[in-house]
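Have the viewer open as you read.

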Amino acid sequence: MEKKRCEIDNKYKWKLEDIIKDDETYKEMVTEAKMLIEKIVAMKDDIIKSSNNLLMYLKVDEELSKKVDKIYVYSYLYYYQDMMDAKGKEYKDMADKLFEEMFTKLSFVLSFVRPLLLSCDYEIIRKYIKENKELEKFAFALERIFRYKKYTLSEKEERIIANANNAMNVGSETFEVIDNVDIDLGYIKDENNEKVKLTNSNYVKYCSSKNRNVRKNAFKNMYAFFGKFVNTIATCYIGSIKEHAFNSKVRGYNSYLESSLYNDNISVDFYKEFIEDIHRYIPLLQRYMKVRNKYLGYKSHLYDIYVDLGSSNENIPYEKGKEYVLDALKPLGKQYIDDLALSFQNGWIDVYPNLYKRSGAYQWGTYQVHPYVSLNYENNYDSVSTLAHELGHAMHSYYSDKNNDYNYASYPIFLAEIASTVNEALIDDYFYKQAKNDEEKIYYLSSFLDKIRTTVFRQVMFAEFETKAYEMYENNETLTTDVLCNIYYELNKTYFGKSIIVDEEIKYEWARIPHFYTPFYVYKYATGLITALAIAGSILNGDQEMQENYLKFLAAGGSDYPLETLKKCNIDLSDKKFIKNAFNLFKEKLEELESLVDKKVS
């Protein structure tokens with residue numbers, strides 16, 4: 001039975017007081033934030049009249065953002081650590097109300113400010129920056145705004161679009177209600193033949209169960225629900241496509257794909273070529289699935305692809321897990337390890353599950369305060385890998401905050417999964433090299449190959465699905481429930497071929513993927529892993545220059561466009577060698593696995 005939070009030793013809890021020390025300070029900060037909101041409202045007409053006015057606006061906006069970030073992060077971390085705690089609920093409600101008030105009062109101002117700025121000739125802004133040195137730290141942020149000049153409409157038109165978007169956002173909101181409130185996946189029997197309620201949270205657990213009937217029933221229940229509501233969800237998704245396509249068209253983009261990639265300065269050609277490049281390696285995915293079949297002793301269904309091969313039964317208490325992480329990440333250098341050690345000493349990590357604590361693991365934080373990592377640690381390899389993963393995010397945030405002004409401390413999603421997966425790759429290598437027997441080697445090899453299957457192949461398949469759906473809509477082709485289901489089903493058959501049985505129910509899987517309501521970002525998981533493998537591989541091979549450049553990359557934050565930031569590690573993702581090298585590694589590990597499985601079954 002899970003412990004109450006008060007029963008957990010304080011040394012295993014994070015120190016939220018490092019963000020806001022007490023309730024009095026919290027309330028003072030909320031009051032200050034509201035005053036800053038009013039200050040911005042009052043200055044809206046004078047922002048571009050002089051360099052001093054522009055600077056004042058940018059500084060007040062930054063100060064407000066910092067305060068609201070602190071309030072919001074503190075409130076939600078407090079709430080997530082025990083979601084039945086009254087104080088946590090109170091903080092969450094206060095943060096939500098502040099955020100709503102800020103959005104309500106500033107939405108008008110912001111819809112005015114951006115067009116106002118962009119109505120200027122950019123040379124005027126350059127002139128302001130030259131005459132007022134304090135504006136220099138905002139130069140790249142202003143440059144990014146002015147990139148949108150040709151896609152920004154008049155103040156009146158921008159206000160109409162903002163109001164229209166509020167009205168059109170029904171699709172994603174309805175899906176969230178279905179997926180989080182109305183969802184009812186029924187009951188299944190677990191490994192002990194006990195009746196258990198199936199939920200979104202425990203689905204992965206039961207879909208990776210060693211008991212095949214448990215996996216099958218979890219799969220069947222999940223897609224029975226989404227099959228039942230697929231017409232409603234299709235309406236939601238098509239509505240979301242219409243909303244996003246409208247925004248891109250009315251602003252003058254050639255497609256919504258182009259408008260989605262524009263913020264990261266990524267070309268449509270890069271995106272499409274990346275998907276095509278991954279396609280070339282689909283035979284390796286199918287070869288891996290056949291090896292799994294051989295190990296399992298039968299041709300897999302889709303409900304079999306998440307069960308682990310091999311086994312790793314080592315009991316790894318948290319203190320031992322920390323040692324493993326510090327040892328495994330030594331190739332990153334002394335500076336990284338010394339800084340990483342701070343996370344274990346200074347209240348960064350909330351380690352163990354407790355009653356009503358939010359499930360899963362995540363990293364979050366706010367500027368000028370150390371990062372926070374939430375775990376639900378269990379004494380096994382997966383928890384150690386998760387610890388290393390989340391600490392990768394934490395160290396990225398730590399270095400980014402330490403080396404950048406507020407405006408550039410947040411790194412873009414395109415770069416967000418690199419540091420975490422570098423750490424995972426090092427952990428995988430570390431444990432594999434220390435494996436005591438063939439079953440452990442099989443476990444660690446398949447764990448590595450599954451990361452590429454789920455993070456590269458699967459995410460690129462998602463990207464293909466949404467690309468096809470949007471292109472059909474933009475080409476005035478009819479989108480229906482059956483069309484969406486058929487696109488998704490055929491993609492699964494393309495990726496898996498005849499290596500496994502592609503169950504018909506999988507045609508409903510697209511309907512449960514929340515990522516599709518934030519279109520054209522899932523491919524970034526794939527680019528992130530391919531980049532991480534290049535970095536980790538070089539570092540493991542003793543490349544001192546890569547080790548040094550990697551720390552520069554972590555310190556860069558959001559100070560440049562993603563592809564430019566990656567060049568700090570001498571990585572140019574337009575060069576096909578990085579994809580080729582990643583799949584050469586996949587093939588190498590696959591051949592090792594094939595040899596071990598052949599030995600086992602012979």
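## What you are looking at

This is a predicted model, so keep that in mind as you click around.

## The nonpolar cores

Start with the inside. The largest nonpolar core has 148 residues, and those with the most contacts inside it are Tyr237, Ile349, Trp510 and Tyr550. Helix α20, which spans residues 438-474, gives the most to this core, with 17 residues. There is also a second, separate core of 48 residues, and Val30, Leu64, Leu98 and Leu135 are among its members. As background, nonpolar side chains in soluble globular proteins tend to be buried together.

Which residues does Ile349 touch, leaving aside those up to four places away in sequence? The partners are Tyr12, Lys13, Trp14, Tyr318, Ser343, Phe344, Val373, Leu375, Leu387 and Leu391.

## A buried threonine

Now jump to Thr531, which sits in helix α22 (residues 523-540). Is Thr531 buried or exposed? With a relative accessible area of 1%, Thr531 counts as buried, because the cut-off for buried is under 20%. Not counting residues up to four places away in sequence, Thr531 touches Ile418, Leu566, Ile571 and Leu573.

## A pocket and a cavity

The second largest pocket comes in at about 510 Å³. Its lining has 25 residues, of which Leu533, Ala536, Gly537, Ser538 and Leu585 lie nearest the centre. Four helices each supply at least two residues of that lining: α19 (418-433), α20, α22 and α25 (577-601).

How many cavities of 30 Å³ or more does the structure hold? There is 1, and the volume of the largest cavity is about 60 Å³. Its lining is made of Thr421, Glu424, Ala425, Asp428, Phe448, Lys451, Ile452, Leu529 and Leu533. Helices α19, α20 and α22 each give two or more residues to the lining of the largest cavity, and α19 has the largest share, with 4 residues. By type, the lining of the largest cavity splits into 5 nonpolar, 1 polar and 3 charged residues.

## Salt bridges across the chain

A search of the whole structure turns up 43 salt bridges. Take Lys87 and Asp23, whose closest N and O atoms are 3.5 Å apart. Lys87 lies in helix α3 (residues 86-119) and Asp23 in helix α1 (residues 23-43), so this pair ties together parts 64 residues apart in sequence. Lys87 is partly exposed at 26% relative accessible area, and Asp23 is partly exposed too, at 24%.

Next up are Glu62 and Lys137, which meet in a salt bridge at 3.6 Å, N to O. Glu62 is in helix α2 (residues 51-81) and Lys137 is in the loop between α4 (122-131) and α5 (139-146), 75 residues apart. Glu62 counts as buried at 8% relative accessibility, whereas Lys137 is partly exposed at 32%.

Then there is Lys294 with Asp598, where the closest N and O atoms are 2.8 Å apart. Lys294 is in helix α13 (residues 282-296) and Asp598 is in helix α25, so the bridge ties together parts that are 304 residues apart in sequence. Both ends are partly exposed: Lys294 has 43% relative accessibility and Asp598 has 36%. Elsewhere, salt bridges that share partners join Asp23, Lys27, Lys87 and Glu90 into one network.

## Two loop residues with positive phi

Finally, take a look at the backbone of two residues. Gln368 has a phi near 65°, a positive value in a residue other than glycine. Gln368 sits in the loop between β4 (362-364) and β5 (372-374), and is exposed with a relative accessible area of 60%.

Where is Asn476 found? Asn476 is in the loop between α20 and α21 (481-496). Its phi is near 60°, again positive in a residue other than glycine. At 71% relative accessibility, Asn476 counts as exposed.

Notes: Residues numbered from 1 in each chain as written. Predicted model: local features only at pLDDT ≥ 70, side-chain atom pairs only at ≥ 80, totals over all residues. Heavy atoms only, no water. Core = buried A, V, L, I, M, F, W, Y, C linked by side-chain atoms within 4.5 Å. Buried < 20%, exposed > 50% of the residue type's maximum accessible area, 1.4 Å probe, protein only. Contact = heavy atoms within 4.5 Å. 1 Å grid on protein atoms, 1.4 Å probe; cavity = no way out; pocket = protein on both sides within 12 Å on 5 of 7 lines; lining within 4 Å. Points joined across faces, edges and corners; volume = space filled by probe spheres on them. Salt bridge = Lys/Arg side-chain N within 4 Å of Asp/Glu carboxyl O. Nonpolar A, V, L, I, M, F, W, Y, C, P; charged D, E, K, R; others polar.
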